[in-house]
Amino acid sequence: MAALSAWFWNERFWLPHNVTWADLADPAPGVEYPKAGHLLAALPLALGIFIVRILFERFIASACARGLHIHPGPGRRAQPNAVLEKVFTSITKNPDSRHLDGLSKQLDWEVRKVQRWFRHRRNQDKPSTHTKFCESMWRFSFYLGIFIYGFQFLWQCPWMWDTRHCWYGYPYQVMTPGLYHYYVTELAFYWSLMFSQFTDIKRKDFLIMFIHHLATVSLISFSYANNMARVGSLVLCVHDASDFLLEAAKMANYSKYQRLCDSLFIVFSVVFFITRLVIFPVWVLNSTMFESWAIIGPYPSWWVFNVLLLLLQVMHVFWAYLIFRIAFKAIMRGKVCNDVRSDIESSSEEEPDGPTEGRKASTHTLKGENGTNGHCAAARARTQNHSSW
């Protein structure tokens with residue numbers, strides 16, 4: 001283990017030339033440099049955030065949902081049937097014509113009645129609008145709160161106004177309490193997302209989002225370990241600027257406030273474009289790639305950090321393409337095609353019941369959930385997040 005630890009923490013990878021871990025081990029009195037062990041505090045904090053979330057959704061968000069007439073009703077449930085339940089749980093949730101014909105004969109039911117039973121059974125396992133609203137309200141509250149805190153903190157920092165301060169004196173840069181709390185809180189939140197993903201609304205992009213959260217945790221931890229926290233705080237703030245707007249648009253969608261949802265999505269799209277496609281490359285990437293090269297020069301972990309940030313920018317461009325494709329079609333045609341929407345919104349919707357309901361559902365799908373334009377129902381284009389890094 002000692003050999004593995006020595007290999008992993010190789011100074012020539014993590015630190016600039018002529019700097020060793022020993023140089024950072026004994027700072028002057030009252031001075032604290034980042035240490036990887038500090039990040040362990042994020043794990044109990046993540047558990048605390050997860051508990052706070054449960055209480056928040058159960059009491060505060062749920063009360064707000066009821067005030068907006070979003071009730072946690074059970075919806076239409078399938079009538080109890082042992083035969084169909086066994087098929088549903090053991091064989092298939094979407095029976096083909098052969099299964100439908102066999103079950104129809106076995107139960108002496110019409111095929112349409114069997115189809116309806118499977119639709120109801122699938123729908124009753126899906127999350128209600130009430131559940132989705134509470135989840136979005138929690139994310140909105142956290143993203144807004146951490147953005148306000150981060151912006152107020154950075155407002156007083158010299159590297160907010162001159163990014164070259166991210167590299168002056170590097171790596172001998174003091175880890176202040178404000179920067180530490182900001183960093184560890186963000187890290188703990190993304191740890192909590194990894195935990196809660198197994199209890200959240202199950203989406204088709206579960207694996208992608210899990211990898212995304214894992215990458216976010218890794219990048220935050222990586223930047224802290226080699227004391228790139230100053231520029232890391234800028235990256236976090238830039239990403240948080242649009243996340244709460246996305247969740248606000250989803251909340252408006254679930255509440256059936258179409259105009260508010262439309263307006264919030266437009267604001268989100270504009271802020272996303274400015275922060276991710278303008279500020280991030282021009283302000284942050286310019287600093288990490290060119291200003292740092294001029295001030296401290298490249299070294300192995302510097303290359304890794306910049307490659308990861310460049311990959312993140314590629315993801316920004318892809319997400320922006322999805323968002324603006326939805327916005328463009330909404331503006332040009334007032335509706336969003338189903339294939340576009342399925343690329344974005346991964347949560348399940350209630351399935352139609354029969355031919356008449358099917359025609360209504362087609363309109364419903366084109367317009368988005370609750371009758372809003374599809375861009376609000378499709379507000380997961382940035383997936384939580386939302387993400388951030």
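Me: Helices here are DSSP runs of H or I with at least four residues, and strands are runs of E with at least two, numbered from the N terminus. Where is His-69 found, then?

Reply: His-69 sits in the loop that runs between helix H4 (42–67) and H5. This is a predicted model, in which local features need pLDDT of at least 70, side-chain atom pairs count only at pLDDT 80 or more, and totals for chains, interfaces and linings use all residues. Residues are numbered from 1 along each chain as its sequence is written, and side-chain values use heavy atoms, leaving out hydrogens and water.

Me: What is phi of His-69 near?

Reply: Phi of His-69 is near 65 degrees, which is positive although the residue is not glycine. Most residues other than glycine have a negative phi.

Me: And which residues does a cis peptide bond join?

Reply: Tyr-170 and Pro-171 are joined by the cis bond, with omega at about 5 degrees. Pro-171 has its place in the loop between helix H9 (158–161) and helix H10 (177–196).

Me: Which residues line the second largest cavity?

Reply: Pro-171 is one of them, and the lining also includes Leu-15, Trp-21, Tyr-33 and Asn-226. A cavity is a set of points on a 1 Å grid where a 1.4 Å probe fits but cannot get out, and lining residues have an atom within 4 Å of a point. The space in this cavity is about 40 Å³, counted as what probe spheres set on the points fill.

Me: How many of its lining residues are nonpolar, polar or charged?

Reply: Seven are nonpolar, two are polar and none is charged.

Me: New topic: how many salt bridges are there?

Reply: The count comes to seven, where a side-chain nitrogen of Lys or Arg must lie within 4 Å of a carboxyl oxygen of Asp or Glu. One pairs Glu-85 with Arg-121, whose closest N and O atoms are 2.9 Å apart. The pair links distant parts of the chain, 36 residues apart: Glu-85 is in helix H5 (residues 82–90) and Arg-121 in helix H7 (residues 111–124).

Me: Which residues does UniProt list for "transmembrane region"?

Reply: The unreviewed UniProt entry lists five spans, residues 36–56, 140–161, 181–199, 264–283 and 303–324. In the model, residues 36–56 are 71% helix and 0% strand, with end C-alpha atoms 31 Å apart. Residues 181–199 are 84% helix and 0% strand, and their end C-alpha atoms lie 27 Å apart.

Methods: On a 1 Å grid over the protein atoms alone, a cavity is a set of points where a 1.4 Å probe fits but cannot get out, and a pocket is an open set with protein on both sides within 12 Å along at least five of seven lines; lining residues have an atom within 4 Å of a point. Ala, Val, Leu, Ile, Met, Phe, Trp, Tyr, Cys and Pro count as nonpolar, Asp, Glu, Lys and Arg as charged, and the others, Gly among them, as polar. UniProt positions are given in the numbering used here, feature names are shortened, and annotations may be inferred rather than shown by experiment.
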